[in-house]
Amino acid sequence: MPAYATNMRLKFPIVALTLEIITIILFAVFVVYDDGKGHGHDSPHSNETHHEPAPMQLYPMFQDVHVMIFIGFGFLMTFLKRYGFSSVGFNLLLAAFGLQWGLFMQGIWHMDDGKIKVDIFKIINADFSTATVLISFGAVLGKTSPVQLLIMTVLEITIFSINEHLVVNVFAANDVGASMIIHAYGAYFGLAVARVLYRPGLRNGHENDGSVYHSDMFAMIGTVFLWMFWPSFNSAIADPGFTQLTAVINTYLSLAACVLSAYAISSLVEHKGKLDMVHIQNATLAGGVAVGTCADMNIGPFGAMLIGFVAGIISTLGFKYLSPILASNLGIQDTCGVHNLHGMPGILGGLAGIIAVALGKKEGDAAMQAAALASSLGFALVGGAVTGAIMKLPFWGQPPDQNCFDDSIYWEVPAEEEENEESLAHADHSKNKADV
């Protein structure tokens with residue numbers, strides 16, 4: 001086993017402060033407020049060219065997306081019984097740095113007189129770029145240090161901005177809800193990192209890689225917040241008016257249909273027809289992911305419901321049958337099951353977008369839609385593999401196998417919590433001896 005130096009006292013402050021100071025310097029040189037003057041039409045999304053009249057018009061959408069990033073994603077990952085501090089805490093850390101880095105990396109493609117002009121639209125897109133990192137974080141949750149995660153944030157958002165520019169400005173593909181450029185990209189980037197960081201010692205599981213009653217309840221808070229606000233996520237960058245309304249309605253209906261199919265399949269595949277909380281926390285959101293590319297297209301309410309219905313089925317089946325195969329046969333230890341919530345539904349969304357454009361539901365080129373999906377997957381897999389190799393270097397403070405999925409290695413944990421865990425462990429030991 002390699003020697004692990006998990007003390008963060010110097011390396012974490014140095015990395016975090018260095019990254020923030022570099023970012024502040026870059027902002028000082030390149031970033032200004034958007035005063036509404038001299039707007040070009042070369043925006044990060046093809047839908048971004050019609051937002052001039054009211055600077056604060058999109059602020060409610062921004063608030064919704066912000067809640068999803070910081071509460072939704074953060075609490076969704078609190079299901080691990082001894083990793084709640086890290087789930088919510090590292091989520092806040094990565095999102096706070098990621099939105100700054102995303103604002104800069106996306107902005108350099110669309111400068112106006114050599115400056116990045118910040119408005120509500122750009123900070124929504126910065127939050128979107130951060131979502132890719134939080135999705136990937138789910139794949140390596142419990143097995144990485146905060147320093148490794150900051151390194152991943154820098155590299156992933158940088159690569160994301162290149163792929164986004166290619167998809168939107170070169171291919172001119174439609175992906176208003178970002179099924180391809182956020183969800184599929186973030187999932188397969190995270191899976192590639194997880195594969196490179198494979199831990200043979202965790203092949204047979206870990207005692208802390210699981211939930212307890214209250215941790216699953218906390219995770220459901222994240223699920224409900226994400227579910228409620230997903231229509232805003234998919235419609236925030238849509239053209240104002242009827243197109244944006246279409247995106248809201250399609251997402252609303254897709255999510256609703258997805259819940260029914262996820263619950264039904266969970267009951268079908270589980271022992272005695274009982275529901276599995278893992279399925280309910282995650283697969284119920286797959287409809288929002290899968291309808292993203294088609295959200296602003298005229299696919300009809302039934303079309304949106306059909307996409308959500310299928311997404312709920314494949315996501316639940318993925319959690320039940322595919323995740324164990326990925327872990328045992330391919331060495332991909334996907335802690336949160338991001339392949340089932342973001343990966344497969346993201347691909348489904350990309351395929352649905354290709355079909356919808358081919359059927360004339362939105363102006364565009366079906367071949368370019370396919371190219372956008374291929375590009376997102378390619379950048380994710382190659383970028384994730386390279387990033388994983390960099391994160392595997394031994395000086396980033398990654399936890400040893402026995403300390404994975406445990407807050408106490410990087411956090412001050414309240415003493416009573418540790419005592420409770422010890423007393424529970426002692427009670428279990430005593431019970432086992434009595435049984436013998």
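Residues are numbered from 1 along each chain as its sequence is written. Because the model is predicted, local features need pLDDT of at least 70 and side-chain atom pairs count only at pLDDT 80 or more, while totals for chains, interfaces and linings use all residues; side-chain values use heavy atoms, with hydrogens and water left out.

Helices are taken as DSSP runs of H or I with at least four residues, and strands as runs of E with at least two, numbered from the N terminus. Helix α3 covers residues 84-107, which gives 24 residues. From its first C-alpha to its last, α3 reaches 34 Å, close to the 34 Å expected at 1.5 Å a residue; the expected span is 1.5 Å times one less than the number of residues. Burial was assigned from relative accessible area, with buried meaning under 20%, exposed over 50% and partly exposed in between (1.4 Å probe, protein chains only). Helix α3 is mostly covered, as 17 of its 24 residues are buried. Phe104 belongs to α3, and its relative accessibility of 8% places it among buried residues. Contact means heavy atoms within 4.5 Å. When residues up to four places away in sequence are not counted, Phe104 touches Leu26, Phe27, Phe30 and Ile116. Phe104 and Leu330 are 226 residues apart along the chain, and their C-alpha atoms are separated by 36 Å.

Empty space was then examined. Rolling a probe the size of a water molecule over the atoms shows where such space is left. The search used a 1 Å grid over the protein atoms alone: a cavity is a set of points where a 1.4 Å probe fits but cannot get out, and a pocket is an open set with protein on both sides within 12 Å along at least five of seven lines. Lining residues have an atom within 4 Å of a point. Grid points are joined across faces, edges and corners, and a volume is the space filled by probe spheres set on the points.

Across the whole structure, 4 cavities of 30 Å³ or more were found. The largest cavity holds about 110 Å³. Its lining consists of 13 residues, and those nearest the centre are Leu76, Met77, Asn282, Cys336 and Val338. Two or more lining residues come from each of α2 (59-76), α4 (120-140) and α12 (338-358). For residue classes, Ala, Val, Leu, Ile, Met, Phe, Trp, Tyr, Cys and Pro count as nonpolar, Asp, Glu, Lys and Arg as charged, and the others, Gly among them, as polar. On this basis the lining of the largest cavity has 9 nonpolar, 4 polar and no charged residues. Asn282 lies in helix α9 and is buried at 7% relative accessible area. Leaving aside neighbours within four places in sequence, Asn282 is in contact with Leu76, Phe319, Cys336 and Leu341.

The largest pocket contains about 700 Å³ of space. It is lined by 29 residues, with Asp209, Ser323, Ala327, Asp334 and Thr335 nearest its centre. Helices α9 (277-282) and α11 (300-329) each supply at least two lining residues, and α11 gives the largest share, 6 residues. The pocket lining divides into 10 nonpolar, 12 polar and 7 charged residues.

Several loop residues were also examined. Ile299 is in the loop between α10 (286-290) and α11, and is buried at 11% relative accessibility. Not counting residues up to four places away in sequence, Ile299 touches Asn250, Val291, Cys294, Ala304, Ile307 and Ala356. In the loop between α5 (146-170) and α6 (179-196) lies Ala172, whose phi is near 55°, a positive value in a residue other than glycine. Ala172 is exposed at 52%. Ala178 is found in the loop between α5 and α6 and has a positive phi near 60°, but Ala178 is buried at 4% relative accessibility.

A disulfide was counted where a pair of cysteine sulfur atoms lies within 2.5 Å. The count is 0 disulfides. For Cys258, the nearest cysteine sulfur is that of Cys294, 15 Å away; Cys258 is buried, with a relative accessible area of 0%. For Cys336, the nearest cysteine sulfur is that of Cys404, 14 Å away, and Cys336 is buried at 12% relative accessibility.
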